Amino acid sequence: MSALNELKALAKPSRAHELQRFFKTAKGQYGDVDLFLGLTVPEIRVIARKYKNLTLPEIQELTSSEFHEARLCGLIILTLQFKVAQDRLAQKKIFDFYIKQAKAGRINNWDLVDVSAPIIGAYLIDDSDPYPFLEKLAKSKSLWERRLSIIFTFAFIRVGELDLTFDIAQRLLKDEHDLIHKATGWMLREAGKRDVRALREFLNSHSKAMPRTMLRYSIEKLPESERRKWLIDSR
């Protein structure tokens, strides 16, 4: 049995209907091309681990699927392979494949980005200058490429390199989509956990220009009195 067939065998139509509402699949919403089988993430991870040695063409059969859970499974397999890649060449092969999937519109919902980009983004850490690549993503017409641009920086935050997060966050200040506001605020919050002074410097410069959701997410871990101050001062 293939990974896709195992996923289909676990389908739960009633839960699929709930997921299609949760992930905004009505016409005109951000997930309006998505179909769901109704699986839980733990169920998907079990199958991903079972099929962790699939080839890239076999993974593409999953990432090309019309079913959200199949694409998620394929991306989780990619992260598992990236974690055990023996050298930078092997990582590059996975990273290039991943970007190809993004450009083809297969990484097309927020959970697909968030489960994979923080891990695959680690490839960029050894890049001499990753900013131009991330800036290009941040300028994309694709909502999901723009979300990738900021979530990729999570890998840098984890190793204590925060400048890229602040640089890409500044680039996304005027983005109009709520999903970018949330993702950017999330990454600013994570950067603040590493260096709260750096977060405060960013807020001092940009809080008045930040969308309200972005600001709220970014200050979640600050003391309550300070959160109130930032919210009042930014009006």
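Helices (H or I, at least four residues) are DSSP runs, numbered from the N terminus. The views below come from a predicted model, in which local features need pLDDT of at least 70, side-chain atom pairs count only at pLDDT 80 or more, and totals for chains, interfaces and linings use all residues. Residues are numbered from 1 along each chain as its sequence is written, and side-chain values use heavy atoms, with hydrogens and water left out.

**View 1. Lys103 in helix H6.** Lys103 lies in H6, a helix that covers residues 88-103. Not counting residues up to four places away in sequence, Lys103 touches Leu137 and Glu145 (contact means heavy atoms within 4.5 Å). Asn204 is 101 residues from Lys103 in sequence, and their C-alpha atoms are 35 Å apart in space.

**View 2. Helix H6 and its two ends.** H6 has 16 residues and reaches 22 Å from its first C-alpha to its last, close to the 22 Å expected at 1.5 Å a residue; the expected span is 1.5 Å times one less than the number of residues. Just after H6, Gly105 has a positive phi of about 80°.

**View 3. The buried residues of H6.** Gln91, Ile94, Phe95, Phe97, Tyr98, Ile99, Gln101 and Ala102 are buried (under 20% relative accessible area; exposed is over 50% and partly exposed in between, with a 1.4 Å probe and protein chains only). Their cover includes helices H4 (56-63), H5 (68-83), H7 (110-120), H8 (131-138) and H9 (143-151).

**View 4. Helices H5 and H7.** The axes of these helices come within 9 Å and cross at roughly 10°. Axes are lines fitted to C-alpha atoms, for helices over the stretch in contact, and angles run from 0 to 180 degrees between N-to-C directions. H5 and H7 are therefore roughly parallel to each other; angles under 35 degrees count as roughly parallel, over 145 as roughly antiparallel, 65 to 115 as roughly perpendicular and the rest as oblique. Among the residues of H5 in this contact are Leu72, Leu75 and Phe82, and those of H7 include Val115 and Ile119. By class, the contact has 9 nonpolar, 3 polar and 3 charged residues. Ala, Val, Leu, Ile, Met, Phe, Trp, Tyr, Cys and Pro count as nonpolar, Asp, Glu, Lys and Arg as charged, and the others, Gly among them, as polar.

**View 5. Helices H12 and H13.** H12 (residues 178-194) and H13 (residues 196-206) pack at about 135°, with their axes 5 Å apart. The two helices are therefore oblique to each other. Leu188, Gly192 and Arg194 of H12 meet Val196, Leu199 and Phe202 of H13. This contact divides into 4 nonpolar, 1 polar and 1 charged residues.

**View 6. Thr184 in helix H12.** Thr184 is buried, at 0% relative accessibility. Leaving aside neighbours within four places in sequence, Thr184 is in contact with Ile150, Ala169, Leu172 and Met214.

**View 7. His206 in helix H13.** His206 is buried, with a relative accessible area of 15%. Beyond its neighbours within four places in sequence, His206 is in contact with Gln170 and Leu173.
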